[in-house]
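Visitor: Could you walk me through this one? I'd like to start with the open spaces.

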Amino acid sequence: MRTGVVKRLIAAEQQLQTHDQELRFVIFDAWRPVSVQAFMVDHAVAEECARLGINLKTAGSDADIDRAIAEVRRAVGRFWAPPSLDATTPPPHSTGAAVDLTLAARDGDLLAMGGEIDAIGPVSEPDHYAAAALAGRNAFAVGVHQRRCLLDRVLSEQGFVRHPNEWWHFSFGDQLWAWRSGAQQAIYGRCDQALSSADTA
């Protein structure tokens, strides 16, 4: 990750621990090249098709199957950025300015967040449990919603913005950040190789 992003992430974890000393961040994903982004998009489409019983190998043989595959691609596109090589539209993770993370206890046990990182569907939306939590009748929903809000709060206090469809994805300085924060432009563009200490400003 970019040095500026790392510094903010460390400060956010320190803020988290003023709330509860037992809590930690667990990072799942940070920088990845566009080639890996392309692989992950294709993998997510294949996984979702398999889950729905759609055979990708039959694409082009039936209009209904083609429509179903197109719908899967649209659903995946809500969560996975296109693997664009255009310098003006880099995938967030290809800039070194985006991070996928969750919360864990001091011993490393992950806390329940109400859905897996990279899950395709409404359960991944940050406020998915909000209505049930506000109703107060579902202890699981209350706990999950509180943890999602805590994660967002400590990161947003350090300037991060959350992806509108993913409770786990936060950015500082990329195009998503510029769009969500109202900045005129992104700070960081695409990194074509892994970041080193010399180029992580």
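Guide: One term comes first: Ala, Val, Leu, Ile, Met, Phe, Trp, Tyr, Cys and Pro count as nonpolar, Asp, Glu, Lys and Arg as charged, and the others, Gly among them, as polar. This is a predicted model, in which local features need pLDDT of at least 70 and side-chain atom pairs pLDDT 80 or more, while totals for chains, interfaces and linings use all residues. Residues are numbered from 1 along each chain as its sequence is written, and side-chain values use heavy atoms, leaving out hydrogens and water.

Visitor: OK, which classes of residue make up the lining of the second largest pocket?

Guide: That lining has five nonpolar, one polar and four charged residues. A pocket here is an open set of points on a 1 Å grid over the protein atoms alone, where a 1.4 Å probe fits, with protein on both sides within 12 Å along at least five of seven lines, and lining residues have an atom within 4 Å of a point.

Visitor: And which residues line the second largest pocket?

Guide: Among them are Met40, His43, Trp80 and Asp118.

Visitor: New topic: which residues touch the most other members of the largest nonpolar core?

Guide: Those are Phe25, Leu101, Leu151, Leu155 and Phe160, out of 25 residues. Such a core joins buried Ala, Val, Leu, Ile, Met, Phe, Trp, Tyr and Cys residues through side-chain atoms within 4.5 Å. A second, separate core of 11 residues includes Val41 and Trp80.

Technical notes:
Buried means under 20% relative accessible area, exposed over 50%, partly exposed in between (1.4 Å probe, protein chains only).
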